[in-house]
Structures are given as structure tokens and as C-alpha cells.
Number of protein chains: 2
Amino acid sequence: MDTRIVEMLGRIVPASADVAKIARARLDDLTKPRGSLGVLEDCAARYVAARGDINAKIANPTVLTFAGDHGVAEEGVSAFPQSVTVQMLANFANGGAAINVLSRHAGARLKVIDIGAAGDCDSPAIVRRKVARGTANFAKGPAMTGAQCVEAILVGAEIAKGAIEDGATLICTGDMGIANTTSSSAIYSALLGIPAEDSVGRGTGIDDERLRVKIKVVKDAVARCSTLKDDPVAVLAAVGGLEIAGICGAIMQSAAMKVPVLVDGFISGAAALVAAEAKREILDYCFFSHLSAEAGHANALRAMGVRPLLNLDLRLGEGTGAALAIHIISAGIKIMDEMATFSAAGVSGKI
Amino acid sequence: MDTRIVEMLGRIVPASADVAKIARARLDDLTKPRGSLGVLEDCAARYVAARGDINAKIANPTVLTFAGDHGVAEEGVSAFPQSVTVQMLANFANGGAAINVLSRHAGARLKVIDIGAAGDCDSPAIVRRKVARGTANFAKGPAMTGAQCVEAILVGAEIAKGAIEDGATLICTGDMGIANTTSSSAIYSALLGIPAEDSVGRGTGIDDERLRVKIKVVKDAVARCSTLKDDPVAVLAAVGGLEIAGICGAIMQSAAMKVPVLVDGFISGAAALVAAEAKREILDYCFFSHLSAEAGHANALRAMGVRPLLNLDLRLGEGTGAALAIHIISAGIKIMDEMATFSAAGVSGKI
């Protein structure tokens, strides 16, 4: 693996078990039956443990939406033309996409990064860090060269570092890229051993014919990278996407800086899987925001052993699920901070 | 049924199918694959259809938390002493309970109503509308007289009316009352025919011995009111609680005024069931905020044919799940309002 990635992974330590324990004790002393706020309590304890600080607060949550194109789109695996990727960059720049609305709703900053769109969007609202004009068609050969994949990971890491240095203590990941569910399914199947039939879904809404093609493309690609299983970054280069690599790098860097990450849905989940396969402790820093309606997501999350926060039949990407879930983690932190204890409130305990 | 309740129910009309259709068309024209925002889109369409206005917005969401005591507590069905109900009223008044924190987090108003606590909390922050000092023990006889039950329903209706006249276009319901899961389980079992074993859970955290007692209490009570099945308000009087009747009245009145209701969890769900059995159209106005960790809730929601918005293992009540879910419904409304259309954004449609 590239030495810069190895160095970044080397800085990642497990979340603090001591802080988690103090958090649990504090939560148990609040005026509610023990554990009765379920996942909110888990979020609070996991968040402060990841930060290594019992008094950690959520500040400047920032959504990083990476956009890239996929050569595999030419196989006809998507319901939308490739031109939509760059058209959506303009939509993000103008504030009219779902992630704009939901970032505003969450009080979150939004940064959109063109890390590999085929076309150009010249708006200053888009961060231009193009590694290539889309990937190669992985039905015919590797999606990226090893160097491109590493560069995209490092771009993602640098963007996350910038957001964190600007004050973000919670990073949300998002994606835009026509055909990127195909790429993500291939990553899940290659790294988790899930059959293509169980990792592939209808993405933006393809018909049965395109679905058959998509499954075959994924199956063939996974067969071709069967020898790469132990090298997640090599799998990413073989069947991944530039935006997926960017998200992967953002997750690695956030974990290295002890900043928790709200992983969006199907595509961001594939990036998180690559990161976690490279360094298991990264999962200590990941919150999986929602269960996507994309068919393979439940299988993938089950195989990864993680539970998503929301289940709202979303299948849009962009970071929309992550932006929505900020509210849940913040709620957990506020519960721990602001609720009265049994003794302070004069409330009787259990009989 | 009491004529005032009959009159209120008579004002309830189905949500507007026309507005729902216009909403769906608008949602389908936004820059996202059709239906890809799943439940958010459903929330938006259902909300405006209930309001009967395609441009309806959420303003001044208000949490109404009704508190009451339960005579059945003397059977030893709760892990906490009855004194906790009034102690929690003081905690609400001082802003230290979970519902205070989560109402603030949601930007919602909170009104706490003492509709039947055994003790007194003199804080001006508590709305004092005591119908009785707790219910009678329904293991020994009816929990309420018919007149008390009607009065509590009308108090709930009046409180909701006040909140709506003060500008609320979304009402959230909540409860506080030691032993009120026992009462709610009895309502579910009596009205839905669910066996007591499947409607009873551990509430605030009871042990196996108390659980056995609780199941027996519910089973016996349900057997005694088997002839009342067709009169939901009579079932409510027989095994319900004053706060449950208050919530039921608030739901009825909100529906009569075309204001949607976010129904909290297990206890509020029992109140919503009584209301819906009295007038089926009330379900058009109800959003079920979360699936409680309380064992019987999944069975009850399934029998009612409704899907909850969140599943966060909450089992606290007070309105906490409802307060959290405001964010989800608001997100849906903002999506419908603020997103660009395909044509306005110049984004290509499906191939």
C-alpha cells in the first residue's frame, strides 16, 4: 500500500474505552429508566469515546459530497445518462438538490468536490479536484490505475482535513456519480463474498433487462479480482470509483483525527468497507446513517455487522441520509449534556 | 358516546386525495429519481393532504405531554414508585427531563398537563387540569367512571385546540404516568385481540416476577371488558388512564381541525388506537413516530397496519420519539418546497 496511506492508517487508534465507560455511567444517572433512550444513548457514548473527550460537542457538522463518473456506465447499467453527473454538480452549486435542502435543514455545511466528473462545472461553489475524467469501464479492465486510486484517496483525506481544521467535529459523506451503485455492489461482493445477485439493486430505477446486465457485469468483475481480496485498496482500484475513493480517504483521515463520520448509504458504505478492511479500528469512528432501499444494502450492513440509525427507504445518495442523521447524534449528545440527574431533580429510583 | 365527543368526531373528514395527488406530481418532478426519498416523500404528501393545502408548512410544532397516575400501580406492575409521576412533573417544569431537551432540540414548544397525577406540582410551568387524583385500580374495577373518561378526553381536546389556535400546525403527543404501559397493553389487547403475552413488555424495566403479575393483570382485565370491544371509549374508561384519555382527545381534536399529529410510542399509540376505532379517518392525520423497544409495540403497530418513522430502541415516553420525528416530517416538507425541478435545473431525465 502507498506509504502515505499507511502513515495515515498508522495514526488511527481505537476509540477510548475509558471515556465510553464514563459516558455510560453519566447516562445511567439521568432521570429516565436505564437505557430507555436506546440508540440515542449509544450515539452519545460512541461519539465522545471516538473524540476521546467526555465533554465533546458536535460543532460545524460538514457534508462532503464527492462526484465522479464511471466508465462502466457505457454498459447500460443506469437509468440515467452520464451527463447527469455534471448537471447535478450545477444543481448542487445552485442549491437546488436534495442534499442542499437537507444540509440546510440540519444546519450543516456542504462541500461538493468534483473528484472525477467526465464533464466540467465551472461554478466556484464546486471544489475542483479532478483526478481523472471518470474511471475506465471495469467490465473491460481496471476502473483506475493504482496511482489514480491513491491520489483520489489522498484528495478525500485532504478535503476532510480541511473541513476538520475549519472546525468540523462531525463529517458526513456523500456521493454523486451515474453508475456508482454498480461499482459499490462490486466492492461489497468482492470484499464480503456476497453473491452479485444479493449485492445488486435497481439503483436509480432500472428495468429487469438492465438489472440482468448489471448483475452480470458485477459477477464478472468480482471473479476477475478474486485474488485481490486481501488488499482492499487494490479492489477499490479495480472496480471502484474516484468519488468512492475520495470518500474512503475522507473516512480514513477523519478517523486519524478522531472525528466521527456519518456514513451515508449504499455508496458511502462501500467506501467505509474498504477503509475498515484496511484498518478495523476505523469502525469505531463510523456511524451508519441509514438502511438504503437499494436491495444489497441490508445484506452488506449485516455482513459488516453494523446497524444503521434510520430506515426511511431512501435511495438517493448525495449524503442525504447522513445529513438527516445528524439530528439523531446531536440529540444523543444533548441528552447526555442537558438532562437532570436523579439526585439533582429529586426523583426516586427503582423500587 | 358523549354528544360532545360525537360532535367532534363528526367534524373529521378524510385527508384530501386531490392535494395528495398534486403533491406526488410535484415530488416526481424534482431532481432525484422518482420515489428515491422514500418516507420523506410520503411524509410530505400525507402532511399537505391532511392540511388540505399543497402549500402547507410546519409552524410552531407543539409537544403536549399529559401526566396521570394509575391505581393499578398498587399491583406492583412498575419498577418505579408512583411518587415518580409528580416528581417528574417538577423535573419537566425545571427543564431537566428528556422531553425538555428533545423539544428544545427540535425547536418545538412543550406543554405539560397534569390531567391526573396523584400528587401536586405547583409550578406555573405545569398546566393544571386534574380530572382526578389518579385512576382506580383496574385489577379491581373500572379505572375511570364514564364521566371522568369523557372529561379527560375533552380536556385533551381543549388543550390541543389552544395549541392550534396559538399557531401549531403539528401536534406531538406524550405521556407520563407510572404503570401506564400496563394500561396501554390492556387497551391494545382489548381492542386488537392481541393476547396479553404479546402486548405486555417490561416497561421501565421490571423483573420476571413483576412481568408475570403484569401479564395476569392485563389478561384478567381484558376478559372483563370483552363485551365492550365495539365501544372504544368504554374500553378506555375500563382499563385506560387519564393521560391516555387526554392524548386521545388531543388526537381527535387535531384531526377535527386538520392538524396532523405525531403520535409518540407505546402509550400514545394506545390513545391513537382508541381514537381511530372511534373514527377511522383519524389515521389520515396520524404519523407514528417510532417503534418502541417495549415488547408489545411491534405487534400493536402491525395489527393497526401502520409503519413507524423511527426505530431507535426508545422506551421512555414523554413524547421523546415524537419530538425526534418532527425533523423527519419537516425534512419532507422542505424537500417538496425547496428542491429544483428537472426542467428548472437543466438535468436530464431517465434514458
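Student: Are F342(A) and F80(B) buried or exposed?
Tutor: The model is predicted, with local features needing pLDDT of at least 70 and side-chain atom pairs pLDDT 80 or more. Residues are numbered from 1 along each chain, and chains are lettered from A. Buried means under 20% relative accessible area, exposed over 50%, partly exposed in between (1.4 Å probe, protein chains only). By that rule F342(A) and F80(B) are both buried.

Student: How many residues apart are Y188(B) and F266(B)?
Tutor: Y188(B) sits in helix α7 (residues 180–192) of chain B, and F266(B) in helix α12 (residues 266–278) of chain B. Helices here are DSSP runs (H or I, at least four residues). The pair links distant parts of the chain, with a separation of 78 residues.

Student: Is Y188(B) buried or exposed?
Tutor: Its relative accessibility is 1%. Y188(B) therefore counts as buried.

Student: Which residue lies over the face of F287(A)?
Tutor: A charge sits over a ring if NZ of Lys or CZ of Arg is within 6 Å of the ring centre and within 35 degrees of the ring normal. At 4.5 Å from the ring centre of F287(A) lies R46(A).

How values were computed:
Heavy atoms only, no water. Helix = DSSP H or I, 4+ residues; strand = E, 2+ residues; numbered from the N terminus.
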